[in-house]
Amino acid sequence: MGKTAVEIVLTTQERSDLEGLVRRRGTAQGLARRAQIVLLASEGIENREIAVRLGARPNTVGTWRRRFAEQRLDGLYDEPRPGAPRQIGDEEIAETIRLTLETTPRDATHWSLRSMARAVGHAPSTIHRIWTAFGLQPHRTESFKLSSDALFVEKVRDIVGLYLAPPERALVLCVDEKSQIQALDRTQPCLPMRPGQIERRSHDYTRHGTLSLFAALDAATGKIIGRCFKRHRAREFLTFLREIEANVPRDLDIHIVMDNYATHKTSAVRNFFLKRPRWHIHFTPTAASWLNQVERFFANLTEKQIRRGIHRSTQELETAIKTYIEAVNADPKPFRWTKSADDILNTIKRFCLATLQIAEHQNEMAQTSESGH
């Protein structure tokens, strides 16, 4: 007979601490797994079953079960590893992190490795290790924009519902235009890639005109209906809508997802839709282009064909775009939409609350600073 697994009985505080380790995003993966092992063990589950549930080895489960029984929560943390002792203490690390998160240098908008090293008296390599360990990247920044659309919730539910549960006998098309695509040629020949050397090209270029691409992405299949025009007015948009009409079988309804651009709302466009009852329009919220799947196609087109392409005329540019669309349609792959409307709205809610808290904190700091003067 095998060894009997040690019994685990948790106090209320221990259970709360373990659940916090599992739930907290910043917890190391290994530590979260160990906490899960102990929580399952406290329910009287055998090591083999825990191993199956968590995808671990039974011996590993048994090891951490025994370590917790002997040392409680302290037993779940890694033991000190051999090597030279650490030269910087926890308080100094905490101070470095505080300075990184809450302050800026006098002569810059953000800290660099060298400026932080001078401020705290450690080597830049030490600062790099601290920042890497805690996921800090002061040199990077990203932009965001929250939609102020009064019907944001309703529009999100409407469009996500189309993606996750499309109507029967209907086609869901994501439509938009990529305007002002430039036909560019470098002023000097590109130097091709060689072993040990990346491709090099001149920083300046010659413009040879622009094109606008209207595209409709079939959300179910990933196929593209696309057409290039010299301009992107309502007239060109109507021409493209007629091309969609000609390419979609008559027995199918057409659900079209598009943004609130003025070209999409002219009287001529509205009359086009009113005369065709099989067309159903779904507008994305303002400042929420990420809801339109065709934007992902435009990003791929830019990355794979346009950004590094050499086009000496708009005809060459149009040929390159058509070639890319033909390649996509030869082996189409739909974008897989996974998040429900509730998931999206909950994420945005958390982001908004966090943004408000930060804004309130910054206001309090500003008021304190003013009162100090």
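**Group meeting talk: salt bridges, cores and helices**

Let's start with a charged pair. Glu 236 forms a salt bridge with Arg 233, and their closest N and O atoms are 2.7 Å apart. This is a predicted model, so please keep that in mind throughout. Glu 236 is buried, at 9% relative accessible area. Arg 233 counts as partly exposed, at 29%.

Elsewhere, salt bridges with shared partners join Glu 95, Arg 98 and Glu 102 into one network. How many salt bridges does the count come to? It comes to 17.

One of them links Glu 14 and Arg 72, whose side chains meet at 2.8 Å, N to O. Where do these two sit? Glu 14 is in helix 1, residues 12–23. Arg 72 is in the loop between helix 4 (58–71) and helix 5 (90–102). So the pair ties together parts that are 58 residues apart in sequence. Glu 14 is buried, with a relative accessible area of 11%. Arg 72 is partly exposed, at 28%.

Another bridge joins Arg 201 to Glu 199. Here the closest N and O atoms are 2.9 Å apart. Both ends are partly exposed: Arg 201 at 25%, Glu 199 at 30%.

Back to Glu 236, and to its helix. Helix 9 has 14 residues. From first C-alpha to last, helix 9 reaches 20 Å, close to the 20 Å expected at 1.5 Å a residue. Which residues of helix 9 are buried? They are Ala 234, Glu 236, Phe 237, Leu 238, Phe 240, Leu 241, Ile 244 and Glu 245. What do they pack against? Strands 1, 2, 3, 4 and 5, and helix 10.

Helix 10 is our next stop. It covers residues 267–274, and its buried residues are Val 269, Phe 272 and Phe 273. Seen down the helix axis, these fall within an arc of 95°, so they line one face of helix 10. An α-helix has 3.6 residues a turn, so residues three or four places apart point the same way. What covers the buried residues of helix 10? The cover includes helix 9 (234–247), strand 4 (253–258) and strand 5 (279–283).

Now the nonpolar cores. The largest has 33 residues. Which of them have the most contacts inside it? Val 156, Tyr 163, Leu 213, Ile 224, Val 294, Phe 297 and Ile 321. Helix 8 gives the largest share, 6 residues.

Take Phe 297 from that list. Leaving out residues up to four places away in sequence, Phe 297 touches Leu 213, Ala 215, Ile 224, Tyr 324, Ile 325, Val 328 and Phe 335. There is also a second, separate core, of 22 residues. Leu 173, Leu 252, Phe 272 and Trp 279 are among its members.

Is Lys 155 buried or exposed? Buried, at 17% relative accessible area. What is it in contact with, neighbours within four places aside? Asp 149, Asn 260, Phe 283, Thr 284 and Pro 285.

On to the cysteines. The disulfide count comes to 0. A disulfide is a covalent bond between the sulfur atoms of two cysteines. Cys 174 is buried, at 0% relative accessible area. Cys 228 is buried as well, at 11%.

Gln 180 has a phi near 55°, a positive value in a residue other than glycine. Gln 180 is in strand 1, and counts as partly exposed at 46%. Ala 287 has a positive phi too, near 60°, and is again not a glycine. Ala 287 sits in the loop between strand 5 and helix 11. At 38% relative accessibility, Ala 287 is partly exposed.

That's the tour. Thank you.

Note on methods:
Residues numbered from 1 in each chain as written. Predicted model: local features only at pLDDT ≥ 70, side-chain atom pairs only at ≥ 80, totals over all residues. Heavy atoms only, no water. Buried < 20%, exposed > 50% of the residue type's maximum accessible area, 1.4 Å probe, protein only. Helix = DSSP H or I, 4+ residues; strand = E, 2+ residues; numbered from the N terminus. Arc of directions from axis to C-beta. Contact = heavy atoms within 4.5 Å. Core = buried A, V, L, I, M, F, W, Y, C linked by side-chain atoms within 4.5 Å. Salt bridge = Lys/Arg side-chain N within 4 Å of Asp/Glu carboxyl O. Expected span 1.5 Å × (residues − 1). Disulfide = S-S within 2.5 Å.
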